[in-house]
Amino acid sequence: MEKSKVLIIGGTGYLGRRLVKASLAQAHETYVLQRPDMGVDIEKVQMLLSFKEQGARLVLGSFNDHQSLVDAVKLVDVVICAISGVHIRSHQILLQLKLVDAIKEAGNIKRFLPSEFGTDPARMENAMEPGRVTFDDKMVVRKAIQDAGIPFTYVSANCFAGYFLGGLCQPGSILPSRDHVVLLGDGNQKAIYVDEDDIAMYTIKTIDDPRTLNKTLYLRPPQNILSQREVVEVWEKLIGKQLHKSSISKEEFLATMKTQNYAEQVGLTHYYHVCYEGCLANFEIGDEAEEASQLYPEINYTTVHEYMKRYL
Ligand SMILES: NC(=O)c1ccc[n+]([C@@H]2O[C@H](COP(=O)([O-])OP(=O)(O)OC[C@H]3O[C@@H](n4cnc5c(N)ncnc54)[C@H](OP(=O)(O)O)[C@@H]3O)[C@@H](O)[C@H]2O)c1
């Protein structure tokens, strides 16, 4: 089967740059949106030029110019969007409604993967304020996609390893301490951690796979389903030392959260659902969805142990 041509939007982002790399590695003809509104962001421009050197094609287009998006979309078979959706960085999830309009008008797209790559928003109907905005906005985009009859795959990537493993699952921390860790509650709720490059590889694997058409793909590498305590144990073994442990109760966590600014509160809400409620691992996937490590056993995913070795 011929490989689909892919357009990546948000290609200079934290996940987006890995999607570009994975798409090229899997030999897809890869297009990356270059937005004129990037201004004088020299890092982005240099990154885009390096994508071009590696074989990607840059295509000019802007969210403020509908026709430019339609023209970009017409060049490819598959669109993957990795636009920002982390409030402490930037949150532009609803901008994708413009992309949905462009894809609908272009009429040629075989698969659209919107910017999801986290907790499955469809399971977060009862999420807390203010963090629920992430899930609500992603559901608005899903509804637009489905109303427009656009073929899709939603990738539920669980925890980006860099955020969660780096900080031993402590919000506000992305480097593992060698002395002390604060456990969220009893630290026993299971979560799922995925190396960001593996997220990108699984995502690209799925785009031409009929098994994931109009479905959610969950990323659940079996060795990476661990509680915070288990993550800490992995780190302790690596450094050959026990960390001093304290813990923050659910009530204290929520009270402290209220003293933070809005963007931080959004992130803390997500940590709450993951670490106190176990929202990522406390359900069976069911027959309506697929699991990536089962579909693509040929991907030798990075284990938590391997990922954490990087911090030594
Ligand atoms: N599960 C997790 O732990 C986790 C963690 C982080 C993120 N995520 C999810 O992953 C997805 C990507 O997040 P990310 O952190 O990789 O994003 P990011 O690096 O913050 O941003 C990605 C890209 O979005 C584009 N963008 C930003 N503002 C824009 C604007 N005003 N107009 C048009 N484009 C704009 C930019 O791309 P260009 O400049 O190249 O166009 C930017 O590089 C989101 O859905 C997020 O919710 C999940």
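Mentor: A27 is found in the loop between α1 (16–25) and β2 (30–34); helices (H or I, at least four residues) and strands (E, at least two) are DSSP runs, numbered from the N terminus. The model is predicted, so local features need pLDDT of at least 70 and side-chain atom pairs pLDDT 80 or more, while totals for chains, interfaces and linings use all residues. Residues are numbered from 1 along each chain as its sequence is written, and side-chain values use heavy atoms, without hydrogens or water.

The phi of A27 is positive, near 60°, in a residue other than glycine. Most residues other than glycine have a negative phi, and most peptide bonds are trans.

Axes are lines fitted to C-alpha atoms, for helices over the stretch in contact, and angles run from 0 to 180 degrees between N-to-C directions. V133, T134 and F135 of α5 meet Y262, V266 and H270 of α10, contact meaning heavy atoms within 4.5 Å. By class, these residues are 4 nonpolar, 2 polar and no charged (Ala, Val, Leu, Ile, Met, Phe, Trp, Tyr, Cys and Pro count as nonpolar, Asp, Glu, Lys and Arg as charged, and the others, Gly among them, as polar).

Helix α10 also packs with α9 (residues 250–257): their axes come within 10 Å and cross at roughly 170°, so α9 and α10 are roughly antiparallel. Residues including F253 and L254 of α9 and L268 and Y272 of α10 make this contact, which has 7 nonpolar, 2 polar and 1 charged residues.

As for the ligand, T12, R35, K44, R89 and N158 come nearest of the 30 residues around it, where near means a heavy atom within 4 Å. The shell divides into 14 nonpolar, 11 polar and 5 charged residues. R35 places a polar side-chain atom 2.6 Å from a ligand oxygen atom, and K44 likewise has a polar side-chain atom 2.6 Å from an oxygen atom of the ligand.

Definitions and conventions:
Polar contact = N/O pair within 3.5 Å; in protein donor to acceptor, adjacent residues only side chain to side chain. Parallel < 35°, antiparallel > 145°, perpendicular 65-115°, else oblique.
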